[in-house]
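Q: I am new to this structure and would like to learn how to read it step by step. Could we look at it together?

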Amino acid sequence: MARLELKQLSKRYGDFFAARDVTLDVADGEFLVLLGPSGCGKTTTLRMIAGFVEPTAGSVQIGENDVTRLPAWKRNTGLVFQSYALFPHLTVAQNVAFGLEMRKVPKAEADRQVAGALELVRLGHLGERLPRQLSGGQQQRVALARALAFRPDVLLLDEPLSNLDAKLRQEVRIEIRKLQQSLNLTTVMVTHDQEEALTMADRLVVMSEGSVMQVGSQRDLYERPADRFVAGFVGRSSFVSGTLETPQLFRTAGGIPVACNTKLMPGPATVALRPERVTVAPAALSDMDNDFPGEVEFVSYLGGLIDLHVRLSPKDLVIAQIPNREDGFMPAVGEKVHVGWTAATTAVFPGAGDDAGSDELQPD
Amino acid sequence: MTAVGSIDTRAIGRWALIGVAGLTLFYILLPLLSITWLSFYSQEIPSFPPEGYTFRWYFSILSNDRFVDGLLLSIQLGVSATAIGLAVSVPAALCLSRFRFPGREALNNVLLLPLMVPGVVLGTALYVFHVEAEIATGGELHILGSTLGLLSGHVLVVIPWVVRLVMASLAGFDRTLEEAAQNLGADRWTTFRRITLPGILPGVVAGAMFGFVASFGNLEMSLFLVGPGRTTLPIAILQYLEWKIDPSIAAVSVVQIVLIGAAMLVTDRFVKISRVV
């Protein structure tokens, strides 16, 4: 396995940038996830690493080698396709052996490695089957074994779990992650599923419209989103737009003064609040930096959790998520409540959103 | 409408369908069946009812050099034309279905043209071309009536079939398989040989099959291109018919039918033709 470096990698089609100045450094054995909505450039970036898309500018380096101008077949990357792309006319074992055969590995040695790779994904007994005789989950594992058998420098996963049913997906996520860790595989995965990204990654890259918005750990992205897009895309946020009057004071469109702590210059701004960081109580929350009376407008019962939409003013709405406890406070629609949160949890981003107040960006 | 009424309508519809299908099948098979029957008549002038049955017409064609030579030439032509046709058409089909370039539609139509143009027109055109070519080279190029000239005509007949059927196969071929092969270390040629070709094989085999049959049975175009003493089987049959009508013609036809039928059956064992055509 090797380190992977992308430097200012761009792909332009006419005036449209499918990827723009993507600079990433994936350490040896690291699991990096490219996360973003469809069309954000994550797949283009992956395909540039694999060598199927020729970059307009920038470079791809695997280990010590600059592979930017190398064709796909000389790059030594193992790619698991979304559709698996197993060769239908070859058996499972022949599929897995293909990469070794291309590298002219002697038959006996190749057989041994194929058996090992199939064993790794627990399919040792199905080597003689044809791909169409396998279930979707088994095909997915064959694709993984095929991508690993020839010991690639980098493992690339293109939405590898999107064709599996929900329950299987949960298991395979953990399985792939464990395998990746035990083999110390340098891995880049593309997904639009944030839960998948959060469970599997060492580090995440959030992309939007071809550009990298933020790179960081799960915690970095969640606690310190770099911008409004990341705040809405990773986890949930409710957005309140208004004006930043001083670095410590934000006034909502409805005129409510919110205590915050930011380094931004005063001007139009938006506050993003994590619903689970907002406290709801029947009476005033005097120990909170922010405490406002409001009226419950909507209750969404999610089982273990309850979403409350609380209106603070005709123009301001905050979403709170509270645990469903037996002895807990559980207000009904129309009830007067107090909501509170700390200044530290008040994330401020420049620019007032045109979709102020009740806006909630939520992927999927 | 009542429930009973609707069942009746459906039953009538089904019987009508079976009736029409049966009639059509009978209409298609009638000439084949009657010519097979005729080939066993014992009398020399075919008339109904037969006076008796014999195998002698089958033996008589074996002793007729024109038929035997014609059959051999037709097979040689068919096989070579198909081989050359494949070598030209498979790359052509790949280009036509994969790349967008100016004149693509036009090229596509030109490659299908030999199928649309009547054989007589195609034959005349080639004949005139051969004459002009000989004049232009001052008689250096002996193409008129040569086997090479005949073969080039037959290649034209094969091309549209292979192009059409290979393109149909390519339309259903998943190109991520090629990317997968390249990712595993296969260069373009290896990818084509190991992954693409097996994937489009049904189309290639069916195209070769139909191309061969089209070449083997071609009469009109070949009439213009054969040289003295070198005739294909269909031409040998036609020439024989000018002098005689006896059941040996029927016997030759049956041999042709059996050959083509056998080729179809053998092909179908390897590739389900019905899945492509």
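Predicted model: local features only at pLDDT ≥ 70, side-chain atom pairs only at ≥ 80, totals over all residues.

Q: Which residues of α7(B) are buried?

A: A residue counts as buried if 20 or more other C-beta atoms lie within 10 Å of its own. In α7(B) the buried residues are B:L177, B:E178, B:E179, B:A180, B:A181, B:Q182 and B:N183.

Q: What covers the buried residues of α7(B)?

A: The cover includes α1 and β6 (77-80) of chain A, together with α8 of chain B. Just after α7(B), the backbone at B:G185 takes a positive phi of about 110°.

Q: How many residues of each chain are in contact?

A: The size of an interface is often given as the accessible area lost when the parts come together. Here we can count residues instead: twelve residues of chain B are in contact with 16 residues of chain A. On the side of chain B that touches chain A, the elements giving two or more residues are α7 (176-183) and α8 (188-216) of chain B, and the largest share, six residues, comes from α7(B). By kind, the residues on that side of chain B divide into six nonpolar, four polar and two charged.

Q: Why is helix α1 of chain A described as largely enclosed by the rest of the structure?

A: The way to read this is to go along the helix and ask which of its residues are buried. For α1 of chain A, residues 42-50, nine of the nine residues are buried, and therefore the helix is largely enclosed by the rest of the structure. Those buried residues include A:K42 and A:R47 as well as A:L46, A:M48 and A:I49. Just after α1(A), A:G51 takes a positive phi of about 100°.

Q: What is the order of the strands in the open sheet of chain A?

A: In chain A, an open sheet of five strands has the order β15-β19-β16-β17-β18, and the pairing is antiparallel. At the edges stand β15 (279-281) and β18 (316-323), each with a single partner strand, so one side of each is left without a neighbour in the sheet. From one strand to the next, the twist averages 45°.

Q: How many bridges join β17 to β18(A)?

A: Strand β17 of chain A, residues 305-313, is joined to β18(A) by eight bridges, and the two run antiparallel. To follow the pairing by eye, find A:D307, which stands opposite A:Q321 in β18(A).

Terms used
Residues numbered from 1 in each chain as written. Chains lettered and ligands numbered in written order. Contact = placed C-beta atoms within 7 Å. Helix = DSSP H or I, 4+ residues; strand = E, 2+ residues; numbered from the N terminus. Nonpolar A, V, L, I, M, F, W, Y, C, P; charged D, E, K, R; others polar. Buried ≥ 20, exposed ≤ 12 C-beta atoms within 10 Å, placed from the backbone. Pairing = 2+ DSSP bridges. Axes fitted to C-alpha atoms, helices over the stretch in contact; angles between N-to-C directions.
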